[in-house]
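I am keeping notes on what I look up in this model.

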Amino acid sequence: MGCTDTPGYNHPPCPACPPGGGPPRRHKRACYVDVALPLYENLNIVEQPVNLSSLAQKYAEKAAQFIEQASASGRPFLLYVALAHMHVPIPATQLLAAPGGQRPYQAGLREMDELVGWIKDKVDRTAKEHTFIWFMGDNGPWAQKCELAGSVGPFRGLWQSRQGGSPAKQTTWEGGHRVPAVAYWPDRIPANVTSTALLSVLDVFPTVVALAGASLPQARHFDGLDVSSVLLGKSQKGHRVLFHPNSGAAGEMGALQALRLEQYKAFFVTGGAEACDGSIGPEQRHDPPLLFNLEKDVAEGVPLQRGSAEYQAVLPRVRKVLTAVLHDIAKDNVSRADYTQDPSATPCCNPQHATCRCQAA
């Protein structure tokens, strides 16, 4: 999240890095202009500031190279590709053909699709029958970026919208953390099937371990599940319970805000993130909680009436699950690390330069 020579990672654009040996500048738009954004390969900085216009192309080339080498060796491989898409659009890259009249976010999605397709095609040509591909996102649209933020679709968090602020990224509303996922494994995973099972990104680790024929370490508790039976079309049983901590909207960061129990979702704390118009929804605490039936109200517009038979039947179950979740969190090991005061955490290949420049040979 540092400055670049092609501003645009964080629309509206952050300023470019200061030229020459100029002094670092501060910018009001949450831009980090004191250190240029580095690109690492293993432990080495190969480019600083990173060239955003060639970043997706580098991802594709390195992924293809890795798959080819791993396939040639005959050994199993794990490739994790963490894309720079799609918080906001980044400058059009070499991977993307001329987008014509496409809007910036639409063009960015098209570029991401081409990059994922590039990797899939490479797998199909080298190890198609033996390679499992799992694609997923990590959060909803960044609403304060307006037209550069994408869409929440039907997951509109209408209750919160009426209170103010955004129900998208940084919130525990469905539009903030419900994400797409696609699994691909020819002859193993059924094609053109949509699952309604409740899954989580936390499931990636135990599922991949199980598919590899390995086992998890003993005497530890894992929040994720082995959901290989869901992916392989043998079951529709996912999580019964998920809990959702605050990740930056109103309220205490990390505190448990909402809890999912089957098709029901209980909110103990609500609040909106910064919206396109700059508004922020206030923190509100709910005891008893707001309850939504997501099978009937995926837009989270109207909570169940507290006096209704459905609410009264679900509330005791929610409280029981909440007690179990809090107990599980309290007894788990906790580690804390703070790197904000550690000089070694500032990645500079040339510390004598205001924005730490270096380019690959």
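I started with Cys349, which is partly exposed at 33% relative accessibility. This is a predicted model, so I keep in mind that side-chain atom pairs count only at pLDDT 80 or more. I also looked up Cys358, which is buried with a relative accessible area of 18%; the cut-off for buried is under 20%.

**Disulfides**

How many disulfides does a search of the whole structure find? I noted three. A disulfide is a covalent bond between the sulfur atoms of two cysteines.

I took the pair Cys348 and Cys356 next, and their sulfur atoms are 2.2 Å apart. I read 70 degrees about the S-S bond, and this link is right-handed. Cys348 is partly exposed at 23% relative accessibility, whereas Cys356 is buried at 2%.

I then went to Cys3 and Cys17, which form a disulfide with the sulfur atoms 2.4 Å apart. The torsion about their S-S bond is about 105 degrees, so I recorded this disulfide as right-handed. Cys3 belongs to strand S1 (residues 2–3) and Cys17 to the loop between S1 and strand S2 (32–36), so the bond ties together parts 14 residues apart in sequence. Cys3 is buried at 1% relative accessible area, and Cys17 is buried at 5%.

The remaining entry here is the disulfide from Cys146 to Cys276, with S to S at 2.0 Å. Its torsion about the S-S bond is about 105 degrees, so it is right-handed. This pair links distant parts of the chain, 130 residues apart: Cys146 sits in the loop between S5 and helix H3 (158–163), and Cys276 in the loop between S9 and S10. I found Cys146 partly exposed at 26% relative accessibility and Cys276 partly exposed at 47%.

**Sheet**

I traced an open sheet of four strands in the order S7-S8-S9-S10, with antiparallel pairing. Which strands stand at the edges? They are S7 (241–245) and S10 (284–293); each has a single partner strand, so one side of each is left without a neighbour in the sheet. Neighbouring strands are turned by 15 degrees against each other on average, direction ignored.

I checked S8 and S9, which pair in the antiparallel sense over four bridges. Tyr264 in S9 is the bridge partner of Leu261. Helix H7 packs on the sheet and touches S7, S8, S9 and S10, and its direction makes about 120 degrees with that of S10.

**Cores**

I listed the largest nonpolar core, which has 15 residues; Leu259, Phe268, Leu291 and Val318 touch the most other members. Strand S8 (256–261), strand S9 (264–270) and helix H7 (309–331) are the elements that give two or more residues to this core. H7 gives the most, with seven residues.

**Helix H2**

I closed with H2 (residues 104–126), which has 23 residues. Its reach from first C-alpha to last is 34 Å, close to the 33 Å expected at 1.5 Å a residue. The buried residues of H2 include Tyr105, Glu111, Leu115, Lys122 and Val123. What covers the buried residues of H2 includes helix H1 (55–73) and strand S5 (133–136).

Conventions
Residues numbered from 1 in each chain as written. Heavy atoms only, no water. Expected span 1.5 Å × (residues − 1). Buried < 20%, exposed > 50% of the residue type's maximum accessible area, 1.4 Å probe, protein only. Contact = heavy atoms within 4.5 Å. Core = buried A, V, L, I, M, F, W, Y, C linked by side-chain atoms within 4.5 Å. Pairing = 2+ DSSP bridges. Axes fitted to C-alpha atoms, helices over the stretch in contact; angles between N-to-C directions. Disulfide = S-S within 2.5 Å.
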